[in-house]
Amino acid sequence: MGEGNRQTLRMIQNHIPLEIKEYPSGSQVYDWTIPQEWTIRDAWIKNSNGEKIVDFQKCNVHLVSYSAPVQGTFTFEELSPHLHFREDLAEAIPYRTSYYKRNWGFCLSYNDFKKYFHSGEKYEVFIDSEFTNGSLSIGEILLKGESDEEYLISTYICHPSLANDNLSGPVLTTFLIKELMSMKLKFSYRIIFIPETIGAIAYCSFNESIMKKIKSGMVITTVGGPGKFGYKKTFQDEHVLNAIVENVFQEKGVEDFITYPFDIHGSDERQYSSPGFRINTVTISKDRYYEYDYYHTSLDNLDFVNAEYISQTLELYLSLVTKIDKNIVYKSNYPHCEVMLSKHDLYPEIGGGILPQNSQWNELDIILWLLFYCDGTHDLFTISRLLSIPLEIIFQVALKLEEKKLIDRAKV
Amino acid sequence: MGEGNRQTLRMIQNHIPLEIKEYPSGSQVYDWTIPQEWTIRDAWIKNSNGEKIVDFQKCNVHLVSYSAPVQGTFTFEELSPHLHFREDLAEAIPYRTSYYKRNWGFCLSYNDFKKYFHSGEKYEVFIDSEFTNGSLSIGEILLKGESDEEYLISTYICHPSLANDNLSGPVLTTFLIKELMSMKLKFSYRIIFIPETIGAIAYCSFNESIMKKIKSGMVITTVGGPGKFGYKKTFQDEHVLNAIVENVFQEKGVEDFITYPFDIHGSDERQYSSPGFRINTVTISKDRYYEYDYYHTSLDNLDFVNAEYISQTLELYLSLVTKIDKNIVYKSNYPHCEVMLSKHDLYPEIGGGILPQNSQWNELDIILWLLFYCDGTHDLFTISRLLSIPLEIIFQVALKLEEKKLIDRAKV
Amino acid sequence: MGEGNRQTLRMIQNHIPLEIKEYPSGSQVYDWTIPQEWTIRDAWIKNSNGEKIVDFQKCNVHLVSYSAPVQGTFTFEELSPHLHFREDLAEAIPYRTSYYKRNWGFCLSYNDFKKYFHSGEKYEVFIDSEFTNGSLSIGEILLKGESDEEYLISTYICHPSLANDNLSGPVLTTFLIKELMSMKLKFSYRIIFIPETIGAIAYCSFNESIMKKIKSGMVITTVGGPGKFGYKKTFQDEHVLNAIVENVFQEKGVEDFITYPFDIHGSDERQYSSPGFRINTVTISKDRYYEYDYYHTSLDNLDFVNAEYISQTLELYLSLVTKIDKNIVYKSNYPHCEVMLSKHDLYPEIGGGILPQNSQWNELDIILWLLFYCDGTHDLFTISRLLSIPLEIIFQVALKLEEKKLIDRAKV
């Protein structure tokens, strides 16, 4: 929270018309209070020779986020509890925060720790930070579609210094939005860029009635690693969103993906799935958080993540949203008996049909099944599975029927 | 539609007290309009020698049904698009209609086509037909039972020149009605003889409130072929009607039957299953439409179909209706605790029980289970399956309990 | 019914503060009428030498319960229909009643029958019994817990002369109550000691509104035999009570138990499961009624049953009630988003957690899952199964959350 966050959001604004919203420090948001902003100007540790052996200016991961201001000289023994490193990953600087408990600390590689820190020595420590009332900044964009029914897309922006978790998330989301902006959408999409946890909670609290109407959604995170694709299921195992994701994997030829069951640990689906909202949200990832070695260390950097990986995952999300956008529930305007197809010019004539002439699918069959199923309870994806015909084909025919005013979108 | 239909209905009236109802040409019935009547007096094609080479008087399948009037001389090339034959079944005259698109044509065997029609020759064509305002005629009979709750039995009468599809349907239905008229029925049965599609749609439209209360039903068609028995399931796979049909097959020793899943193609279940009605209807067939070689040709005749086959299928339908008629939902009049059986004289004494003395079923058990299950939600067929005791046994005991006023029919 | 029953109840009052309630003879209770009391003073059969060859004073099983008064001399042939014995169990005196049909009879061993009764001889018969208006006596105790929601525990007291069926039932129940009285209960428990069938029916009738609110319950019978443990399922196969019983067996290491499906025969679950109440009740037994050789004979005595067996079954029932008592449905007071755990001092610190430090279960995980699931629809046993964590652990953590006012008991 603070100026860094706003910088991130402004950079994204260079690409998409993101609206920045401010929720003031001290606001009560459910069980939480929006904290003060944290301004950090400088931070270092010097050895007795006056050499900076840990320097925030060189790598901002060196400082425990939200560290309180400090100035003074410490013995090795006094300093030790404030130093964080990972013996198992000796060259990596771990990433740490102390958000809700006022504290301070430095993170460094185990190699540096062994090299620079020794019992009996003294160290000068300086942290020039400040806590001030301000606001929590979030970015929001609402892509309005034909229908007011909304899906949620959420990504977090709290530590973009790390590449896969979390820079890759807002990057992919930004490009996803650019793509969606060029499309004529059937549903509306509410997309938010927020600090994890407190940002999601604040957003829910300030937009409770909106959130209670959300159909379902996705949380975009850790999408750019070299590892396997995976997806975390929504809290309802049988929710259609999970089936659509698996359909995406299948169509894109991704056979070897990991299925993560819903878990109460994770990202902001924790908030959206809570009893008061119960929004089913799915996450497609590539090297998911918790699972890769460099997770929450300085090695989660641009050597680990690259544009090609992000682009591959973007393609999956784009396919996912495209399918969600076609998953309409219709209601027949002619519920009694069959429609007289010829009257509506619906007999597929040579060259005049909706589907291409050489389509493997029988257009007339699809029309008849759609008119049978469209009773306000079956979504198109479910119909597509019942008929073993791709959603895209079903959708194309449904659009024709809607245009002919034979079916209308149902309020669900 | 027309006088032919009325003749069919009048012939059925010789056997059962069918009521004939008329729905006028031009009536709007949902998405359809009832067409004009078609009167056909004569139709033929003569060759240049003046010989009738195709003659409606010899076989009425020769003329495309609903052909417009024609008189004139045509070259082979002009006539050709109006001639219909089947190369794959060279001796058969195909059956064709052009109901909603004004057109004309002749059907003939491929053998005749090769023999009589040659490029370069001229043909005299005569069709003496007429379209006039009139009415669509349907036959209806309501067999009133103890309860007003109705089942629907529907059969079609639009091209009785063909034997299995469709003469066998109304023949079986007529005999079924004769049997049912001799029985004391528990439920009511609404039985209709209609032209396929337009007749069903017109009936639904003119009787919408009745149709919305129908419990479920059957569509009787193609019941007299030499092939296998089969049944087409209702649109809800788990509907009790499907289980009852399978129970009929099992009891009658029919092991080798075909199960057709519900399909949007077929007969008038297409209308009854539509979103506005959602009536589950089942069809038991013997050589079902679409499936046999002679389907919709002049070879679907009385050499193909015979009384013995129809009689076999009739036996199945009779068993089906008999079971449906016993499938009552009861509600206990003594829902709290057990009934005092001795007070109601319900202890099966030697010789005084409901079931025969040597019955393999324990009458007392059935009484107790019935009083346990009869809560207005379990039908007797479901109870019979839960207890693995035939419906007929359960029914017999339930009747006794009803007579003793311990249970009453529940409004479902 | 009568003084004997009241003696039984008064003996139980020596151990627990049982309330005795009286329902007068002649009261209409649903389909039944509470009968008159039966007083029996003496009964015997003498042979022609004046020797008492059957003597009620020696064993009260000798007399058919509810026998009408008799005095007179009978030939062997006249007496024979009134004598009951079991050829297959020659030394056992069978137990018989003639409750609703006015009759009389004696029960004796087949050995005695062969020894003392011969054609051609005469016998003097004396039954000094009396029927008088009085009342049906039942014992009731309501153990009030934190919540008014009640479970039912029912046991019967109609023929305590027989040991497994039925003395063992009220004995176990009495000790169970003593145990429960020493506990702080979460739910309330309504425990009744009644004559089987008529007592249950009378209780239901006099307490209908109470019974309609019962959550579920157990019927305690035949718990002291040398044979196998078993349990009879509630009428809904998937009811949580069945799962809890199996959980009890598993935890207590009882692998070889018999599962009896729900049956309309049995004990007073017949009344409680009837359509008007539909109370799911379970029975854990050791040598269940119907199943053991000595069932309903004088050999079902204290040689067959012993305290150790009863104690083993008591342990199972105690475990069952203890689990039921923990099976609370909670509702989060913070349904929107996550709770801020640190604010409520819920981060398990070293030594300060709810679970022991070396617990194999992760306390934080349980807290988060509970806050996720506690929406007024999931009971703790179901949550424990979803998480594969023992109910007792889940309960302990839930109590902490309740104490912290994060969750409250839901009205179900």
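Let's start in chain C of this predicted model, with strand E10, which spans residues 135-143. Eight of its nine residues are buried, so the strand is largely enclosed by the rest of the structure. Part of its surroundings can be named. Strand E1 of chain C, residues 19-24, is joined to E10(C) by six bridges, and the two run antiparallel. If you want one pair to look for, take C:Glu19, whose bridge partner in E10(C) is C:Glu140. E10(C) also pairs with strand E12 of chain C (residues 188-194), again in the antiparallel sense, this time over five bridges. Here you can find C:Leu142 opposite C:Arg190 of E12(C).

Stay in chain C and look at another set of strands. Strand E9, residues 122-132, is joined by nine bridges to strand E4, residues 37-46, and these two run antiparallel. C:Glu37 stands opposite C:Thr132 of E9(C). E9(C) pairs with strand E6 (residues 70-75) as well, in the antiparallel sense and over six bridges. In that pairing, C:Val70 faces C:Ile127 of E9(C).

Now hop over to chain A and find helix H11, residues 380-387. Which of its residues are buried? They are A:Leu380, A:Phe381, A:Ile383, A:Ser384 and A:Leu387. Because they cover an arc of only 160° around the axis, they lie on the same side of H11(A). And what covers them? The cover includes four helices of chain A, namely H7 (240-251), H9 (307-326), H10 (363-373) and H12 (391-403). It also includes strands E17 (329-332) and E18 (375-379) of that chain.

At the start of H11(A), a side-chain oxygen of A:Asp379 comes to within 3.2 Å of the backbone nitrogen of A:Phe381. Just after H11(A), A:Ser388 takes a positive phi of about 55°.

Next, zoom out and see how the chains are arranged. Chain B can be superposed on chain C by a rotation of 120° with 0.1 Å of shift along its axis, giving an RMSD of 0.1 Å. That is the relation of a three-fold axis. Chain C, in turn, can be laid on chain A with a turn of 120° and a shift of 0.1 Å along the axis, at an RMSD of 0.1 Å. Who gets closest to the rotation axis in chain B? That is B:Glu238, with its C-alpha at 12 Å. In chain C, the residue that comes closest is C:Glu238, at 12 Å by its C-alpha.

So much for the arrangement; what about the contacts between chains? 17 residues of chain C are in contact with 23 residues of chain A. The size of an interface is often given as the accessible area lost when the parts come together. Chains C and A bury about 1,800 Å² between them, and 60% of it is on carbon and sulfur atoms. In chain C, the residues that lose the most area to chain A are C:His336, C:Glu338 and C:Phe372, which together make up 40% of what that side buries.

Leaving out residues up to four places away in sequence, B:His344 touches B:Tyr334, B:Val339, B:Lys404 and B:Leu406, along with C:Asp31 from chain C.

Methods. Residues are numbered from 1 along each chain as its sequence is written. Chains are lettered from A and ligands numbered from 1 in the order in which they are written. This is a predicted model: local features need pLDDT of at least 70, side-chain atom pairs count only at pLDDT 80 or more; totals for chains, interfaces and linings use all residues. Side-chain values use heavy atoms; hydrogens and water are left out. Buried means under 20% relative accessible area, exposed over 50%, partly exposed in between (1.4 Å probe, protein chains only). The arc is that of the directions from the helix axis to the C-beta atoms. Contact means heavy atoms within 4.5 Å. A polar contact is a pair of N or O atoms within 3.5 Å; within protein, one must be able to donate a hydrogen and the other to accept it, and residues adjacent in sequence count only if both atoms are side-chain atoms. Copies are superposed by least squares on the C-alpha atoms of residues with pLDDT of at least 70 in both. Two strands pair if DSSP finds at least two bridges between them. Buried area is the accessible area (1.4 Å probe) that two parts lose on being put together, summed over both.
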